[in-house]
Amino acid sequence: MTTDVNTRALVLEMLMEVNEKDQYSHLVLRQVLEKYQYLDKHERAFLTRLFEGAVEKGITLDYVINCFSKTKVKKMKPLIRNLLRMSVYQLLYMDAVPDSAAINEAVKLARKRGFCGLSGFVNGVLRTVARKKQEIVWPKESENPVEAFSVRYSMPEWIIEEWCLDYGRDKTIQILKEFSEKKSLEKKLTVRTNLSRCTPEELRRKLEAEGVQVEEIPGIPYAFAISGFDYLAGLDSFAEGLFYVQDVSSMMVAETAEPKPGDYVIDVCAAPGGKSTHMAELMQGTGMVEARDLTEYKVGLMEENRIRHGLSNMMAVQQDALVYDEASHEKADVLVCDLPCSGLGVMAKKTDIRYKMTKEKAEKLALLQRQILNVVHDYVKPGGILLYSTCTIRKSENEENVDWFLSKHSEFSLEMMRQMYPGEVGNDGFFLAKLVKKDE
């Protein structure tokens, strides 16, 4: 593998965007990969691994840096702390990168970015880490398990405390290991066949003809795990809308809702439209899926997906889920409420969610979910289905919200409820509950 200072310089800029300017890591990564798609596969893989790793392991990296630096991370110049983070990540986690290369390139970058006076500091800290990385004294689980888990798995303490309370210590450790040990980069991409355009067999043949490795996913005959391709947008099958990228856990929404041909489906927070297109495809061109979201931008994303997938039984509509729509009264056979949430189930893809989300923000989102449910539940026909889902692992946003809803709306009954953990069904943590409105 060949890398150069330019690749590392890109990663440094990306880390500055995420850690200092509060940009979202998955969006920053997507923009850079699109802009520099001419880089060879190995360079893009190196860039992705280093960037995602340095973001994901932030707590662990800062702990290590603080062990060997007299100046603590929070007191450092922003560029220097991010440079040290990405360099220490290489020293600790990237065996294919020689320690000398990681250190020398960091010193060059410091000088190139106008920090000649601190290049010696960077050099000294990194050489000490390289020399003593086997001697790091980690927090002891026996003395403070929450701190120990936080540093080991690079997870904020409030999340660990909540999970231990909600799911117990053993399940918490299992979740932490799943997120920590199975890097999103190493996971295969899961895709769903666009059944309105081709059969699963036709998609498989097309992908394999493009040099893609294709594996079946047990239980979902139209879904595959794919790998071995260079660039997703470079696949003709993707450009032709023959498949949709979607985690298996997310596919379970439409699988559980089981829309029938001719149904009217309302998806109240639908962008970018994966679940809506899935519903429309399962309905085989009949009925209608009304995919709603708040902003013109999000509606545009859904419309792009509708067009790319060639779906005539889906429409994208701008509608605030918090504002009651009289015209939708008892209109929906299926109401999909995949609501804004803390996102703690998708940390493998969105590595910085753990740092951007706070307990206070998460509680506000739990309240928002209740407010939306209170407005939109009336859209369900008697005998119809309300499918509530989130991509998080938090009882206050999931089971507790379902219990609250049922206590307020006795016309609904719970048919099923399930919390999926990362690695259990697909790569993400996901929750769904199927509620049925009683026939009048």
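A charge is taken to sit over a ring if NZ of Lys or CZ of Arg is within 6 Å of the ring centre and within 35 degrees of the ring normal. By this criterion Lys-171 lies over the face of Tyr-421, at 4.2 Å from the ring centre. Arg-308 is placed over the face of Phe-238, with a distance of 4.4 Å from the ring centre. The model is predicted, and local features need pLDDT of at least 70, side-chain atom pairs count only at pLDDT 80 or more, while totals for chains, interfaces and linings use all residues. Residues are numbered from 1 along each chain as its sequence is written, and side-chain values use heavy atoms, with hydrogens and water left out.

Aromatic pairs were searched for next. A pair of aromatic rings is described by the distance of the centres and the angle of the planes. Rings of Phe, Tyr and Trp (its six-membered ring) pair if their centres lie within 6.5 Å, and planes under 30 degrees apart count as stacked, over 60 as edge-to-face and the rest as tilted. The search of the whole structure finds nine aromatic pairs. In one of them, the ring centres of Tyr-63 and Trp-138 are 5.7 Å apart and the planes are at 20 degrees, so the pair is stacked. Distant parts of the chain are linked by this pair, as Tyr-63 is in helix 4 and Trp-138, 75 residues apart from it, is in the loop between helix 7 (119-132) and helix 8 (145-153). Helices (H or I, at least four residues) and strands (E, at least two) are DSSP runs, numbered from the N terminus. Trp-138 has a relative accessible area of 37% and is partly exposed; buried means under 20% relative accessible area, exposed over 50%, and partly exposed in between (1.4 Å probe, protein chains only).

Salt bridges were defined by a side-chain nitrogen of Lys or Arg within 4 Å of a carboxyl oxygen of Asp or Glu. The count by this rule comes to 30 salt bridges. Arg-152 and Glu-141 meet through their side chains in a salt bridge (3.3 Å, N to O). Arg-152 belongs to helix 8 and Glu-141 to the loop between helix 7 and helix 8, so the pair ties together parts that are eleven residues apart in sequence. Both residues are partly exposed, Arg-152 with a relative accessible area of 40% and Glu-141 at 29% relative accessibility.

A salt bridge is also formed by Arg-204 with Glu-216, where the closest N and O atoms are 3.4 Å apart. Arg-204 lies in helix 11 (residues 200-209) and Glu-216 in strand 2 (residues 213-216), so this pair ties together parts that are twelve residues apart in sequence. Arg-204 is partly exposed, with a relative accessible area of 24%, whereas Glu-216 counts as exposed at 61%. Within helix 15 (residues 296-308), Arg-306 and Glu-303 are three residues apart, about one turn of the helix. Their closest N and O atoms are 2.9 Å apart, forming a salt bridge, and Glu-303 counts as partly exposed at 26% relative accessibility. A network of salt bridges links Glu-162, Lys-359, Glu-363, Arg-394 and Glu-397.

Backbone geometry was examined as well. Most residues other than glycine have a negative phi, and most peptide bonds are trans. A cis peptide bond, with omega about 5 degrees, joins Ala-271 and Pro-272. Pro-272 is placed in the loop between strand 5 (264-267) and helix 14 (274-282). Asp-22, a residue other than glycine, has a positive phi near 60 degrees. Asp-22 is found in the loop between helix 1 (5-19) and helix 2 (25-35) and is exposed, with a relative accessible area of 53%. Glu-258, also not a glycine, has a positive phi of about 50 degrees. The loop between helix 13 (248-257) and strand 5 holds Glu-258, which counts as exposed at 53% relative accessibility.
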